[in-house]
Amino acid sequence: MADLSVTLAGIRSPNPFWLASAPPTNTGGQIELAFDLGWAGAVWKTLGHETDQIVNVSSRLAAIRGAAGRVAGINNIELISDRPLAENLSEIEAVKRRYPEHVVIASIMTGERRQWEELIRQCEEAGVDGFELNFGCPHGMCERGMGSAVGQDVAAIETITRWAKEATRRPVLVKLTPNITDILEPARAAARAGADGLALINTIKSLMGVDVDRFVPYPTVAGRSSHGGYAGVAVKPVALQMVASIARDPQITIPISGIGGITNWRDCAEFMLLGATTIQVCTGVMFGGYRIVRDMRDGLTDWMDENGFDSCSAFIGKAIPNFVEWNDLDLNYKVIAHIDEEKCIGCQLCYPTCRDGGHQAIKLPEGADGGHSVRLQGVAHRRPVVDEEACVGCNLCSLVCPVPECITMVPVDTGRAPETWGERCPQPAE
Amino acid sequence: MHARSAAPSRDPGLPDARGPRAEPPWSAHAALIEASRCLYCFNAPCSRACPAGVDVAEFIRSIRTGALRSAARLVLSANALGETCGCVCPTEMLCVGECVLGAIDGQQPIAIGRLQRFALHWARSRRLRLFEAAPPSGKQIALIGAGPASLACAHELVRLGHQPVLLECAESPGGLNRTAIAPHKMDTDLPLAEAEWLVGFGAQVRYGVRVGVDVPFAELERDYDAIFIGVGLGPDRKLGVPREEAEGVMGAIELLHRIKSGDFVRPPAWERVLVVGGGNSAIDAARTLKEIGTPEVILVYRRNEEQMKGYPHEWLAAKMAGVTASFLTQPVEVLAKEGRARGLRCIRMTLGDADESGRLRPVPVPESESELAGDAVVVAIGQADPQELLPGLPEDIRIAGGRIVVSPETGVTSRPDYFAGGDCTNGGAEVVNAAAEGLRAARAIDHYLSGKGN
């Protein structure tokens with residue numbers, strides 16, 4: 001059976017599954033329960049200096065829903081830990097004493113250099129395995145010059161990372177904010193300053209919606225609201241792009257802990273294939289409980305066994321070579337849509353989608369305006385037809401089709417040798 | 001495990017004399033979950049299958065987005081009886097039978113009837129007015145009968161700015177929709193409440209009025225700008241065999257009406273009841289008899305199972321409720337003792353050539369008579385022609401084959417000022433057909449009145 005253990009920045013972890021710094025890592029009791037259920041690591045809910053006052057509001061969360069009302073994403077306006085630092089530190093100590101093989105990382109955030117140093121020393125004494133500098137929180141703390149206010153300022157990232165590195169010999173990870181134009185800039189800054197690893201993404205600055213009866217955005221606090229941090233399944237594509245961009249950047253060689261919408265083993269595999277060494281979960285646990293790690297562990301192990309990967313290092317980063325710039329894609333490769341006549345149920349969803357949002361390559365069947373009865377005339381009379389000349393191979397119809405494997409995209413021979421844009425229009429040398 | 005007591009003192013499963021209670025309407029959340037499964041097909045086959053032309057795909061989309069007012073308006077504008085149709089429509093033969101989701105492994109078709117009922121229940125229970133009527137035209141239209149066809153016609157006439165006046169011989173509206181729907185599909189309160197909601201938009205109703213008796217047709221023609229006939233059909237048709245007047249012989253519609261109105265208690269002597277017929281009324285009566293606790297119910301039908309006019313899904317449900325059948329069996333005489341029915345003398349039938357409708361004609365087998373014992377006989381072989389409900393109907397209104405003849409596009413009769421719709425024109429169909437025909441006639445009446453130029 002495949003070995004799930006990993007080592008990130010010198011921190012050995014029995015498996016790659018960590019809890020992200022968030023409500024699921026608020027207390028020692030929670031983290032011990034999570035460890036019992038199979039999580040290997042926890043990044044403690046961000047600690048501030050003992051002089052930083054933290055007060056929370058209620059309510060704090062709002063959701064965006066997908067099909068059948070299922071939550072696709074949430075946003076959160078909760079701040080960093082509002083519990084006394086001493087209480088957190090004694091719980092960290094207790095957890096590390098009981099679970100010496102598990103990973104406990106202190107997520108920290110404060111202001112002055114002296115405060116960072118004191119906080120780091122206190123956490124070190126409590127026995128943490130490493131630190132995660134929270135340069136990501138996009139609500140509440142950034143207004144005080146912390147969190148994403150740091151993560152958006154390359155100079156501040158370098159300065160504070162250096163303070164931390166000088167204050168401790170334990171590994172220091174930098175947690176990045178996605179609320180920035182190019183993720184490589186803060187990532188390179190952290191690497192330059194000596195960070196031992198990167199964690200990303202933190203939440204995305206967001207406004208979840210508006211109560212259309214009361215004209216107040218969500219989540220509502222006494223008739224008002226504020227922007228929050230967007231998380232959950234919906235943010236995974238944003239996170240994957242940023243993780244992969246850093247992972248393939250030749251200037252950055254430090255490891256990555258991937259975060260953003262991870263809820264199952266497949267998400268874990270995807271983040272790791274794009275370069276993450278460990279993964280961190282918050283929203284998945286907030287909705288499913290710590291127990292979701294069972295599926296992550298079993299599913300990832302089975303997938304590794306099926307693919308002949310003995311260890312995580314055998315596949316971490318394996319998809320990176322296939323993640324290239326648009327200029328490096330083959331212009332002469334072509335696929336076209338193919339509708340399986342046996343599987344088609346005659347819903348015709350592919351028709352308006354191609355007509356209105358595609359390239360007008362799907363035609364309705366002949367007669368009755370294409371609207372024949374299923375019961376009386378049969379599905380065959382409702383089956384749309386692909387105009388193979390007009391089809392550009394965009395995938396849209398295959399994404400809209402509700403029947404598994406009914407519309408497939410079939411490669412066709414264009415008779416032309418592979419050629420990229422870069423090859424067709426070479427950029428003049430600088 | 002506890003053994004179930006054979007004779008519990010208080011059995012919650014004991015059949016109610018009024019039959020089973022129909023299911024309550026869905027909550028908004030239940031409707032949202034179901035609506036979210038809808039694929040929103042293009043050229044949606046469900047929409048095209050609706051006899052009333054309800055845009056199913058669009059109203060379900062509006063339920064999904066929470067635009068419930070819009071969902072209800074979409075249904076109501078095509079089918080004023082949309083809420084009761086949500087309960088009584090044979091959706092398996094119409095919209096639901098078309099739903100393509102049934103073709104995907106592991107998926108069920110959308111419960112379109114439940115969703116339609118939800119949307120209109122939502123609107124009706126809030127007493128919403130979902131449309132603005134056109135400016136008053138000053139035209140008055142008499143509608144004979146206050147069943148589904150007339151209610152739908154009146155609803156559309158109000159929208160178009162006219163003043164409908166319904167003349168109903170009974171004391172409440174709804175027609176057969178109120179009295180003759182099997183109790184497991186719908187109770188009596190719903191069609192009443194629906195009718196009252198619809199009438200409340202601006203129609204007038206006069207109850208206890210028999211046109212042709214209390215009000216002559218000539219008076220209607222004088223007082224109204226147009227006349228709509230929506231009287232339905234006559235009472236249960238009789239077998240026309242000896243001793244049919246015996247106690248314990250009754251029609252299916254009469255039986256259902258009595259059960260639903262609560263004035264019927266199954267006589268303990270009714271151990272075994274024979275139901276004559278093979279259509280949906282026969283199936284409804286038979287299933288309802290089982291559901292009120294009749295130990296044995298036998299359908300007596302002159303053709304075979306494949307030739308039954310009743311819907312296959314309804315017959316299957318009746319069989320699952322315990323109804324059995326004696327096929328290829330034609331009653332020739334009611335057997336009676338001391339004036340009370342004790343069964344039927346029947347003759348065996350065989351199937352001959354196809355008739356003009358394509359169904360195989362039943363032919364008697366000579367010397368094959370036998371007796372079929374039964375403590376009661378329910379006759380479900382159709383309803384009497386509508387003429388007897390319309391004494392004094394002008395003779396220039398053409399009737400053929402027991403139906404008032406109308407143009408299929410407009411519902412106009414052989415006289416330009418008389419329109420008709422519902423069972424009296426189609427010979428007996430679904431509520432949704434009556435609603436569609438009422439709406440069609442209203443639009444034709446509007447056209448006729450505007451064409452008059454005054």
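Predicted model: local features only at pLDDT ≥ 70, side-chain atom pairs only at ≥ 80, totals over all residues.

Across all chains, the count of salt bridges comes to 45.

**Stop one, chain A.** Select Arg83(A) and Glu91(A): their side chains meet in a salt bridge, at 2.5 Å from N to O. Are these two buried or exposed? Arg83(A) has 15% relative accessibility and Glu91(A) has 19%, so both count as buried, the cut-off being under 20%.

**Stop two, still chain A.** Now pick Lys236(A) and Glu270(A), which form a salt bridge with their closest N and O atoms 3.0 Å apart. This pair links distant parts of the chain: Lys236(A) sits in helix H7 (residues 236-247) and Glu270(A) in helix H8 (residues 265-273), 34 residues apart. Colour by accessibility if you can: Lys236(A) is buried at 14%, while Glu270(A) is partly exposed at 25%.

**Stop three, chain B.** Move to Glu34(B) and Arg37(B), where a salt bridge joins the side chains at 2.9 Å, N to O. Show helix H1 (residues 28-37) of chain B as well, as it holds both residues, three residues apart, or about one turn of the helix. Glu34(B) is buried, with 11% relative accessibility, and Arg37(B) is partly exposed, with 26%.

**Last stop, a network in chain B.** Which residues are joined into one network by salt bridges that share partners? Select Glu221(B), Asp396(B), Arg415(B) and Asp417(B) together to see them.

Conventions: Residues numbered from 1 in each chain as written. Chains lettered and ligands numbered in written order. Heavy atoms only, no water. Salt bridge = Lys/Arg side-chain N within 4 Å of Asp/Glu carboxyl O. Buried < 20%, exposed > 50% of the residue type's maximum accessible area, 1.4 Å probe, protein only. Helix = DSSP H or I, 4+ residues; strand = E, 2+ residues; numbered from the N terminus.
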